[in-house]
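Let's work through some exercises on charged side chains that pair up. Grab a pencil and take each solution one step at a time.

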Amino acid sequence: MQLLLDLHPDEYPLEGFRRRQLLEWVFAQGVGTFDAMTNLPAEARADLASDFKLNPFKDIETVRSADGSVKYLFTLGDGRQMEAVYMPYLDRKTICVSTMVGCPAKCAFCATGAMGFGRNLTPGEIVGQVLAVAGGEGIAPRELRNLVFMGMGEPLLNYANTMAAARILLHPQALGMSKRRVTLSTVGLANGIRRLATEDDLGIKLAISLHAPDEETRQRIIPTGAANSIPEIMAAAREYQAVTGRRVTLEYAMLRGVNDHLWQAELLADLLGGLVSHVNLIPMNPWDGSGFESSTEAQIQAFYDTLEARGVDVSVRRSRGKDAGAACGQLALKRPGAVAGAVPA
């Protein structure tokens, strides 16, 4: 049976006014069954129920953090699992969604990378995370105005499905999100970044997980990084900016004694010359078996000060949800009885 959420809103069944009613039920009301769509004719509801399913998930579990963040663990139809994170702030509600089960990038400091790769998520499985989180939090789906593709997976390796999901998120009759409030995070796939620049109708924001300014360090912590050298990544970022006119964010996980030396801050500043950018320094979030520690507060401050003195727009991003295993780099299905995300060898 086809998942309705996999369809673009313009492809939804029914016509005209009835289609708009259907879209309102799905994306404004967030209902979970066709029977609940009471202003649709009974025959139409029966036809929809025979041809489509609304919910991509077999089960949903939550872990709530003391800071208000909530980690959602989703069990998919095939039994695999992945996670999303809800982060409420005073002025906005943000959701971090996954694009894959597991991740093939294998960043050494990331618990998701240690899982390995399971499979790509479909557009509906990506969008469904937003609807499920809204339902779990007792809010309307359209109240979630900020979204980041920063959960499990490398979005640019699931390119078609991620772009399809983004178009649903932005569609005015679906979730109606603003392109300025949707961010895609990539480990740095140069060809994917260039391709993203051509998606004229999207205009979503780009964040690149650089994490080191020198090849030796970067390939140590991102074993798959050799496929895209730092010069190639930075060239793609500049091409992206030339085409789109948008600022590029660089994400930098602070790893004690690995990538936090001041000479690396100087080298990072050199790389950013001429690029309109913002650097997010992210203290590494702990997880069992990582083999890494976060840089000290003093070293993070010194790194920050070095970049700022070079004219780099920089901030320190404090991750939320650490106590729930929901912070950046911690998503790894840490539940009793969780189904492994990786494909068996």
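**Before you start.** Arg 142 is partly exposed at 25% relative accessible area, where buried means under 20%, exposed over 50% and partly exposed in between (1.4 Å probe, protein chains only). The model is predicted, so local features need pLDDT of at least 70 and side-chain atom pairs count only at pLDDT 80 or more, while totals for chains, interfaces and linings use all residues. Residues are numbered from 1 along each chain as its sequence is written, and side-chain values use heavy atoms, with hydrogens and water left out.

**Exercise 1.** Find the salt-bridge partner of Arg 142 and say where both residues sit.

*Solution.* Step one: recall that a salt bridge is a side-chain nitrogen of Lys or Arg within 4 Å of a carboxyl oxygen of Asp or Glu. Step two: Arg 142 pairs with Glu 24, their closest N and O atoms lying 3.2 Å apart. Step three: Arg 142 is in the loop between α4 (123-137) and β9 (146-149), and Glu 24 is in helix α1 (residues 16-29), 118 residues apart. Step four: Glu 24 is partly exposed too, at 38%.

**Exercise 2.** Work out how far apart, N to O, the side chains of Asp 270 and Arg 310 are.

*Solution.* Step one: they meet in a salt bridge at 2.6 Å. Step two: Asp 270 belongs to helix α9, while Arg 310 is in the loop between α10 and β14 (314-316), 40 residues apart. Step three: Asp 270 has 47% relative accessible area, and Arg 310 has 39%.

Technical notes. Helix = DSSP H or I, 4+ residues; strand = E, 2+ residues; numbered from the N terminus.
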